[in-house]
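Here are my notes on the model, point by point. Please read them with the coordinates open.

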Amino acid sequence: MDTSLRILTRIETINFIVSNRERIEIAISDYSNVVPYKEKPEKLNAELDKAGIRHYIIQEMVWRDLEFPKSKNKVSDNEAVQVYKGCGMHCRTLYDLKLWHCSYESSAYRAGIMEANENQDYIDLKKCNKKELLEFYWGYSTKGYDSLCRYCHPYGKIIPAGIKMPKIG
Ligand code: SF4
């Protein structure tokens, strides 16, 4: 499980983690070298230590500029499958009881700049069974790629992690 510290605001998430602590390890993305919130990772670290929940902090991070929505390039279905396979995205997002393959696509959808399709981009935890959930988690989907893969450049230039870029448009 990855968190960028917003997890602190979700009490039901905390309760779930505490009651499943043997099966969970938390990776905390710490942007305090660029974002003024040094006390937050320290506080979360101390709380997780106290609760006996396995965790580690990731500090050396870089991000990639995926060039969406700047770039409007749209590749074919077959090319999108290759983009998805080559990307190897491992960062899933759980939001509103839906599991997303790609955290970037989930963010783009929530920002209102991307359409999304059930069972391609996300799976609804209220409807799926355990087998379907596991298959989806490991990359299976109806089309073999996420909707955003048709526009995405996962090998774009490296940019500093945690720094907000200017709004486009
Ligand atoms: S949208 Fe981009 S980052 Fe996400 S899985 Fe597709 S290629 Fe990878």
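**Notes on the predicted model**

1. Start at the end of helix 3. Gly88, just after this helix, takes a positive phi of about 65 degrees. Helices here are DSSP runs of H or I with at least four residues, strands are runs of E with at least two, and both are numbered from the N terminus. Residue numbers run from 1 along each chain as its sequence is written. The model is predicted, so to speak of local features a pLDDT of at least 70 is needed, side-chain atom pairs count only at pLDDT 80 or more, and totals for chains, interfaces and linings use all residues.

2. Which residues of helix 3 are buried? They are Ala80, Val83 and Tyr84. Seen down the helix axis, these buried residues fall within an arc of 95 degrees, so they line one face of helix 3. The arc is taken over the directions from the helix axis to the C-beta atoms. Asn78, Lys85 and Gly86 are exposed on the other side of helix 3. Buried means 20 or more other C-beta atoms within 10 Å of the residue's own, exposed means 12 or fewer, and partly exposed is in between, with C-beta atoms placed from the backbone. An α-helix has 3.6 residues a turn, so residues three or four places apart point the same way.

3. Check the confidence. The chain averages a pLDDT of 85, and 91% of the residues score at least 70. pLDDT is the predictor's confidence in each residue, from 0 to 100. Where pLDDT is low, the predicted coordinates should not be read in detail.

4. Domains. The chain is divided into domain 1 (2-60) and domain 2 (63-160). Their C-alpha centres lie 24 Å apart. The bounds come from an automatic or database domain assignment.

5. Some backbone geometry deserves a look. A cis peptide bond joins Phe68 and Pro69, with omega about 5 degrees. Pro69 sits in the loop between strand 4 (62-64) and helix 3. Leu97 is not a glycine, yet has a positive phi of about 60 degrees. Its loop runs between strand 5 (93-95) and strand 6 (98-100). Leu97 is exposed, because 10 other C-beta atoms lie within 10 Å. Asn119 also is not a glycine and has a positive phi, of about 70 degrees. Asn119 lies in the loop between helix 4 and strand 7. With 15 other C-beta atoms within 10 Å, Asn119 is partly exposed.

6. How far does helix 2 reach from its first C-alpha to its last? Its 13 residues reach 18 Å, close to the 18 Å expected at 1.5 Å a residue. The expected span is 1.5 Å times one less than the number of residues. Gly52 follows helix 2, with a positive phi near 70 degrees. Pro41 is found in helix 2 (residues 39-51). Pro41 has 18 C-beta neighbours inside 10 Å, so it counts as partly exposed.

7. Arg64, in strand 4, is 93 residues from Lys157 in sequence and 5.6 Å from it in space, C-alpha to C-alpha. Arg64 is partly exposed, with 16 other C-beta atoms within 10 Å. Tyr37 lies in the loop between strand 2 (25-29) and helix 2. Tyr37 and Ala51 are 14 residues apart in sequence and 22 Å apart in space, C-alpha to C-alpha.
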